[in-house]
Amino acid sequence: MPLHLAARPSRAVRSRSARPPVRRWLAWLVALGLTPALGAAQTAAAAPAAKSPVISRSAMDGVLFYQLLVSELELRQGDAGLAFQVMLEAAKRSREEALFRRAVDIAIGARAGEQAVSALKAWRQTVPKSRDAAEIETQMLMALGRHQEAREPLNAFIDLTPAEERAGAIASLPRLVLSGEKPEEAAQAIDEVLKPWRSKPATRLAALTASAGAWLTAGNRERPLALLREAHDADRSHQPTALLALELMKDTPQAEVFVTGYLATANSASGVRAAYVRRLTTAQRYGEALAEVSKLTAGEPELATGWLMRGALQIELGQPAGAKASLLRFLALKEATPAQALTPPIASTGEDDEMSDKPDDQAQLALQRNDNQELGQAYLMLSQAAEQLKDYPGALNWLEKLANQSGQSASASVLQRRASLLMRQGQLPQARALLQQMPTGTPEEKRTRFMAEAQLLRDAKEWTAAYTLLTQANAQVPDDTDLLYEQALLAEKLLRFDEMETLLRRVIQLKPDQQHAYNALGYSLADRNVRLPEARTLIEKALSFTPGDPFITDSLGWIEFRLGRLPDAARLLGDAYRQRPDVEIGAHLGEVLWSMGRQEDARKVWREAQVRDAGNEVLSETLKRLKVAL
């Protein structure tokens, strides 16, 4: 966008009296923070610290001084076009880089990209060895989508960077791939510019990962995988390779080997392992995540967050005693950590040194909020662990701590946990009354309360009451896919299979990517040993949305069992059980192993499942039907 010089008032409109005389200009100069030093034949000035350039006294003369003054005053009066022209002329005349930068800033502030580029080209012609000019021109051309043109200044920027800083400069290049038009062209430009640097030992790894990062930012998955493989083969201990692989493995599983390879090296960073744990957890690979976080806590036993992650995974995997120990360790470390140790160092910007030793209030508040959230999570999970261990007074005690810590004794999470404890102690009416205290002022609040009460009734095995409640819920909050899904599961419990199918197909119609609806319908068909080809299609569709999901893999394994493909069933169910040692998955795996004649292996799996939940209906029914006593 060009600068609009026409925006400046005409001479006829703008009289001489409208312009401040020279003396008033000088007064304005002082008021604006400019400090003139007037000599016999020269006038020197410095511009305002916040915006204006700092130039050497040797370059300053009377003409340059007035050029700067006029440029800044015109800019303040709204005439960016004239301000830019005068500043650029001053820069060319003085050859001062600070003035070229100021001219570029004026153009960018006026959203005049072409003028900014012209100033940058003039800057580089005047000061050919300017690294800053090459860097900013590269950024500007990339932002404007002129990727081919950006290659020359990008090459110059890398060449002009000191050798000891070059790898770091190269590593920063993926940020040039903007989310605008044709990001792949930007990635291609960076990749081709970096090609010669990938053959030089000092910059090889940085160039490989920078190219991979550029392609990844552009949405390409194949090219980053090849580049990361080359970087990993060159040096398995290279942390940037592992970090990019973590990002890539979300939808490209082949990248995971680069992460595990890095973590196997002697000095792998705990932060990378923690990020890997989070990635595994997101993929519901809880068993593997627990193994990794156990390595983390073994290597860095004073890292509080590691124990919190470990406790959460143990809760998820039905290991309440282990979760309790991990979470108590987390709390002990939190209590032993001085408050100041939780505060990250505040970096000085250099703009206001006298303020640099004061605490950053925003950072402190954010840190405190995060600390409080972690404590709240720990208290809630300790309550869950105590409940699983049937220590109901202990569970209530942890809930009280949570309420006191958060100041929200009536929060949804606290009320639901309290209600669950009451139900488990035979006080279902009191539990329901407690949940009915939850607000219902908005559709979302209504939905939350219905879901909480329905879950309570399901846990109490009050199938009919739960189904009736959800029928009411779906009348008040129509076409809510979560409520419809829950009602469908209850319809199956009540053996109303046609109704269940109708509800699940309505969920799929409303939300075609709801993988759980496909899985529930497919599993129900497989469990009843009917319409198995259709069941397989439904479950494969579910897996296409969440590849590797252990529960959906369990459903697919169960279909293979129903079809008589025992080796395939054992493989799939074994994979699912390793990822998520859920009691029902264990019941299915045990039955397949039993049918294959591997009775001892089946008994081992069933015993493990029984330790987690001896009262599980699927496990109990399986053992009774097969007449197995453990």
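**Entry 1: Ser71.** I began with the contacts of Ser71 (contact means heavy atoms within 4.5 Å). Leaving out residues up to four places away in sequence, I found that Ser71 touches Ala83, Val86, Met87 and Ile106. Ser71 sits in helix α2, residues 62–76. Buried or exposed, I wondered about Ser71? Ser71 has a relative accessible area of 0%, so I noted it as buried. My cut-offs were under 20% relative accessible area for buried, over 50% for exposed and partly exposed in between, with a 1.4 Å probe and protein chains only.

**A note on the model.** This is a predicted model, so I kept to its limits: local features need pLDDT of at least 70, side-chain atom pairs count only at pLDDT 80 or more, and totals for chains, interfaces and linings use all residues. Residues are numbered from 1 along each chain as its sequence is written, and side-chain values use heavy atoms, with hydrogens and water left out.

**Entry 2: the whole chain.** I looked up the secondary structure and got 32 helices and 2 strands. These are DSSP runs numbered from the N terminus, with helices being H or I of at least four residues and strands E of at least two. The chain has 630 residues, and 46% of them count as buried. Among contacts between residues at least 6 apart in sequence, I noted that 52% join residues at least 24 apart.

**Entry 3: the cores.** Next I looked for nonpolar cores, meaning sets of buried Ala, Val, Leu, Ile, Met, Phe, Trp, Tyr and Cys residues joined through side-chain atoms within 4.5 Å. The largest has 82 residues, and Trp123, Leu154 and Ile158 are among those with the most contacts inside it. Helix α10 (residues 204–217) gives the largest share of this core, 9 residues. A second, separate core has 70 residues, including Leu415 and Tyr518. Back in the largest core, I picked out Leu194, another of the residues with the most contacts there. Setting aside neighbours within four places in sequence, Leu194 is in contact with Ile158, Ile170, Leu173, Ala207, Ala210 and Ser211.

**Entry 4: a cavity.** I then searched the whole structure and found 2 cavities of 30 Å³ or more. On a 1 Å grid over the protein atoms alone, a cavity is a set of points where a 1.4 Å probe fits but cannot get out; a pocket is an open set with protein on both sides within 12 Å along at least five of seven lines, and lining residues have an atom within 4 Å of a point. The second largest cavity has a volume of about 40 Å³. Which helix gives the largest share of its lining? I found that α6 does, with 3 residues. Leu154 and Leu173 are among the residues that line this cavity.

**Entry 5: two positive phi angles.** Arg111 has a phi of about 55 degrees and lies in the loop between α4 (97–109) and α5 (113–126). With 67% relative accessibility, Arg111 counts as exposed. Leu495 has a phi of about 65 degrees and is found in the loop between α24 (481–493) and α25 (497–510). Leu495 counts as exposed too, at 61% relative accessibility.

Definitions and conventions. Points joined across faces, edges and corners; volume = space filled by probe spheres on them.
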